[in-house]
Amino acid sequence: MLKDELLKVKIAQKDLELLSKDDRNKILSNIAIALNENKESILKSNEIDIKNAKASGLSNAMIERLTLNEKRINDLIESTNSLITLPDYVGQLIERIKRPNGLIIDKIMVPFGVIAIIFESRPNVSVDIASLCLKTANACVLKGGKEAINTNKELVRIMKNAIKDIVNPDVIYLVESTDRETTNELITLKNYIDLLIPRGSKGLINYVVSNAKIPYIETGAGNCHLYVEKEADLNMALNIAVNAKYQRPSVCNAIENILVDEDIAPSFLPMLYNKFKELNIEMRGCEKTLKYIDVLKATDEDFYTEYNDYIVSIKVVDGIKEAIEHINIHSTKHSETIITNNISQANKFLSLVDSACVYHNASTRFTDGGCFGFGAEIGISTQKLHARGPMGLKEIMSYKYKIYGNGEVR
């Protein structure tokens with residue numbers, strides 16, 4: 001039964017919490033070494049998942065998201081090793097309060113306990129999550145999608161084997177069942193799981209938000225925007241648009257919408273059209289957009305859509321005020337960027353756009369734990385409590401108060 005397995009995880013987490021900083025870092029080092037030594041078996045498992053995904057008709061963009069290769073495995077090894085060099089927050093003193101009655105109150109950082117992550121086709125998430133959790137003395141429960149089940153099984157097998165001589169390997173648990181009933185049960189087991197993090201499509205996240213009985217952090221859905229303001233460097237804007245849309249369209253920090261100031265639309269839109277047509281990116285535009293380039297007409301629903309594909313919606317706007325209003329209504333509060341040489345307009349955008357990460361003259365693709373210096377990320381929070389944006393080590397810690405007395409009574 002799932003409850004029996006999760007009880008083992010909960011018990012094992014306390015053993016992890018008792019380990020020293022050096023022991024937890026040794027765990028990470030062992031995982032990195034094991035990943036390097038088992039590249040062949042990882043790639044073979046991934047090949048099976050890719051074959052099954054193609055047979056089931058999964059889109060090319062989603063298959064790209066599922067795919068591991070030697071470079072991506074090396075990136076996982078690097079991110080795991082990078083966590084070793086980062087601070088250890090377990091037991092760190094946040095604040096000390098000395099009361100007039102003699103009590104000394106220490107506020108210290110502690111792990112959440114057991115963190116469950118429900119995610120879809122990206123198997124690298126298994127390693128990122130496990131590494132972050134182990135560094136912070138959290139146990140992890142991984143519930144991946146059926147697309148990556150073989151790869152996830154192999155990655156978890158490798159990690160559990162790598163840590164078994166230091167800590168109870170039950171601190172990493174993969175839910176191997178991929179059916180909806182198991183997910184239904186998992187998200188209600190608040191006596192066994194302390195924090196729930198869904199990572200994936202808008203549908204998955206909405207399902208968890210609507211049905212979970214466990215405290216959760218809403219993450220991932222990325223209806224991200226690029227706004228080309230009238231004082232933008234148009235070549236810079238085009239380069240950033242290509243990077244933010246084309247490099248990896250299936251990830252949550254890729255843009256789905258491009259807003260163009262109407263003063264520069266006659267110049268910029270043909271540039272964008274020619275480049276995106278060359279890259280086979282499908283474009284959908286508002287009525288004003290259709291005056292300048294021959295693209296499909298966008299519906300209102302398009303501007304709310306996270307495509308996860310080589311598709312983008314384009315809207316011509318009457319200045320920054322309309323751009324900000326459009327973004328705040330249509331975005332998922334993930335990542336937005338403005339391209340402009342006008343510092344005043346940039347600052348207005350950065351201040352008034354209500355998203356976790358807001359950029360000036362840079363690609364939204366940098367919204368990532370590794371790019372922010374966190375080593376990896378457990379997710380990108382699009383809510384405001386208790387964390388926002390890429391969540392690293394600090395964001396998966398809680399705190400408690402330790403109170404020291406000498407016979408004081410109230």
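The following legends describe close-up views of a predicted model.

**View 1. Thr340 in the loop between β12 and α14 of the predicted model.** Thr340 occupies the loop that joins strand β12 (335-339) and helix α14 (343-352). The residue is buried, because its relative accessible area of 1% falls under the 20% cut-off. A polar contact of 2.6 Å links the side chain of Thr340 to the side chain of Glu229. Leaving aside residues up to four places away in sequence, Thr340 touches Glu229, Glu231, Ala232, Ala346, His360 and Asn361.

**View 2. Helix α2 and the elements that cover its buried residues.** Helix α2 comprises 17 residues (residues 21-37). At 1.5 Å a residue these should span 24 Å, and the end C-alpha atoms of α2 are 25 Å apart, which agrees with that expectation. The buried residues of α2 are Arg24, Asn25, Ile27, Leu28, Asn30, Ile31, Ala32, Ala34 and Leu35. Their cover includes α1 (2-18), α3 (39-55), α5 (70-85), α6 (124-135) and α7 (149-163).

**View 3. The contact of helix α3 with helix α7.** The axes of α3 and α7 come within 7 Å and cross at roughly 160 degrees. Because angles over 145 degrees count as roughly antiparallel, α3 and α7 are assigned that relation to each other. On the α3 side, the contact is made by Ser41, Ile42, Ser45, Asn46, Ile48, Asp49 and Asn52. On the α7 side, Ile149, Asn150, Thr151, Glu154, Leu155, Arg157 and Ile158 take part. Sorted by class, the contact of α3 with α7 has five nonpolar, six polar and three charged residues.

**View 4. Thr183 in helix α8.** Thr183 lies in helix α8, which covers residues 180-186. With a relative accessibility of 8%, under the 20% cut-off, Thr183 therefore counts as buried. The side chain of Thr183 makes a polar contact of 3.3 Å with the side chain of Lys143. Not counting residues up to four places away in sequence, Thr183 touches Lys143 together with Ile118 and Tyr207.

**View 5. Gly373 in the loop between β13 and β14.** Gly373 is located in the loop between strands β13 (357-360) and β14 (379-381). Its relative accessibility is 45%, so Gly373 counts as partly exposed, a class that lies between the cut-offs of 20% and 50%. Gly373 and Gly392 are separated by 19 residues in sequence, and their C-alpha atoms are 8.8 Å apart in space.

Terms used. Residues numbered from 1 in each chain as written. Predicted model: local features only at pLDDT ≥ 70, side-chain atom pairs only at ≥ 80, totals over all residues. Heavy atoms only, no water. Helix = DSSP H or I, 4+ residues; strand = E, 2+ residues; numbered from the N terminus. Buried < 20%, exposed > 50% of the residue type's maximum accessible area, 1.4 Å probe, protein only. Polar contact = N/O pair within 3.5 Å; in protein donor to acceptor, adjacent residues only side chain to side chain. Contact = heavy atoms within 4.5 Å. Expected span 1.5 Å × (residues − 1). Axes fitted to C-alpha atoms, helices over the stretch in contact; angles between N-to-C directions. Parallel < 35°, antiparallel > 145°, perpendicular 65-115°, else oblique. Nonpolar A, V, L, I, M, F, W, Y, C, P; charged D, E, K, R; others polar.
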